[in-house]
Amino acid sequence: MNPADRRADKTRRTWWQAVSLVLANSYVFSALKSLPYPFLHCYSCPLAIGACPLGTIQYFLGLGRLPLFTLGTLAAVGAWWGRSSCGWLCPFGFLQDLGYRLGRRLRFPAPSISNRHTWTRWVVVGLLVVGLPLYLHQPWFCKLCPAGTLEAALPWLAVNPQLRELIGPLFVLKVGLLSLLAAAVLVVKRPFCRFVCPVGLFYGMANRISRRHLVVDGGCTACGYCRDLCPMDHEVWKDPRSSQCILCLECTRCPHVRPGG
Amino acid sequence: MRGWRGHGWPLLLGAAVLAAVLGIWQGELPLIYRNAVILCLSCVGLGQ
C-alpha cells in the first residue's frame, strides 16, 4: 500500500467516526430510543438518538429479565463485524483517539502499556454490569461511567442550571474518574476501551469467530510495526483474532497484514 | 479448510437474530424505550 492510500484509509476511518458521533447525537424524535446503539453511548445525553446497550442490559437485569433484543443486536453486529464498531463507530473511542493524537502533538511521553491486564474488563462486567444491578436493582456501571459523565451529566448541567443544586459526592467521583481518563488518553492508547469497556469485551469475544477479521501472512517478521500503528497497542502477529483487535485496519498498512472475511 | 471458525459467525448470527426476534416478541422494545427516554439523574451522578 502506498503512502497516499494509507493516509486516505486513516482519513476514511476518522470520517466514519465523526459521522457516527454526529448521528448518535442527532436527536429529532424519540422513537429510535427503543433501539440500542451498537456501541457505548449514554442515552441520557440530551441529544442521544438511541439507547445505551449497557444501560439497557443493567435495567433488564434489575427487572430480573434477560435483555434478549439487546444481546441479540450486539451478537449480530459482533458476528458480522467483530469489534469493528469500536474502531469505526464508537464516539467515546473516537474521543480517546483524538486525545491520544493531541498527546502526540504536545509531545507527551507515550509508554507502551501491555494488554496483559485486560482481565479488568471481566471484573467491571461481573461487578458493575451484572452483579450489582442484579442484586441492588441499580445501574452501577452507569453511575460511574465516564462516557455518561462526558456525554450526559456535563451537557445537562450546561443546559439546565437548576440541576447544579443536585451535585453530590457521586458526581464529584464521576468527574474525578473522567478527569483521570482524560489525562490517561494523552499518553495511553484507548485506556477505557482496553481495560474497562464491557461492550468491547462482548464484541472481543465475537472477534474469535466473526466474519470480518485480520489475516497475517507467512512473511511476517514480528517487527512490531503493526503494534506501533494499532490504536490498542495490540501485537497483531501474535493473535490476529484477539479480543483486543478493534478491526480498524490501521495495521493493514503493513504489507503482511490484510483484512479477511 | 477453514475449520470451525469459518462456521462460527453464521451460527452466532442466526442465534443473535433469533434472540432479537424473541426479545421483540416478549415486548422488550417498549421497555428499552421507557428506560431510555427518562433522564435518570442518579445514573448521570446527580441527586445523590
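Trainee: If a nonpolar core is a set of buried Ala, Val, Leu, Ile, Met, Phe, Trp, Tyr and Cys residues joined through C-beta atoms within 7 Å, which residues have the most contacts inside the largest one?

Mentor: The largest nonpolar core has 85 residues, and those with the most contacts inside it are A:L40, A:A75, A:A79, A:C251, B:L12 and B:A16. The element that gives the most to this core is α3(A), with 9 residues. Two residues are in contact if their C-beta atoms, placed from the backbone, lie within 7 Å, and a residue is buried if 20 or more other C-beta atoms lie within 10 Å of its own, exposed if 12 or fewer, and partly exposed in between.

Trainee: Before I go on, what sort of model is this?

Mentor: This is a predicted model, where local features need pLDDT of at least 70 and side-chain atom pairs count only at pLDDT 80 or more, while totals for chains, interfaces and linings use all residues. Residues are numbered from 1 along each chain as its sequence is written, with chains lettered from A and ligands numbered from 1 in the order in which they are written.

Trainee: Okay, how many helices and strands does chain A have?

Mentor: Chain A has 12 helices and 2 strands (DSSP runs numbered from the N terminus, H or I of at least four residues for helices and E of at least two for strands), and along the sequence the pattern reads α-α-α-α-α-α-α-α-α-α-α-β-α-β. The C-alpha trace of chain A spans about 60 × 40 × 35 Å along its principal axes.

Trainee: And what about chain B, how many helices and strands there?

Mentor: Chain B has 2 helices and 0 strands. Buried residues make up 33% of the 48 residues in chain B, whereas in chain A they make up 48% of 261 residues.

Trainee: How many residues of each chain are in contact with the other?

Mentor: In chain A 40 residues are in contact with 32 residues of chain B. On the chain A side, the elements that give two or more residues are α2 (53-63), α3 (68-81), α7 (140-144), α8 (146-159) and α9 (169-185), and α3(A) gives the most, with 10 residues.

Trainee: Which residue other than glycine has a positive phi near 60 degrees?

Mentor: That is A:R107, whose place is in the loop between α5 (91-105) and α6 (120-136) of chain A. A:R107 has 7 C-beta neighbours inside 10 Å and therefore counts as exposed.

Trainee: And what is phi of A:L249 near?

Mentor: Phi of A:L249 is near 70 degrees, again a positive value in a residue other than glycine, and A:L249 sits in the loop between α12 (225-229) and β2 (257-260) of chain A. With 21 C-beta neighbours inside 10 Å, A:L249 counts as buried.

Definitions and conventions. Core = buried A, V, L, I, M, F, W, Y, C linked by C-beta atoms within 7 Å.
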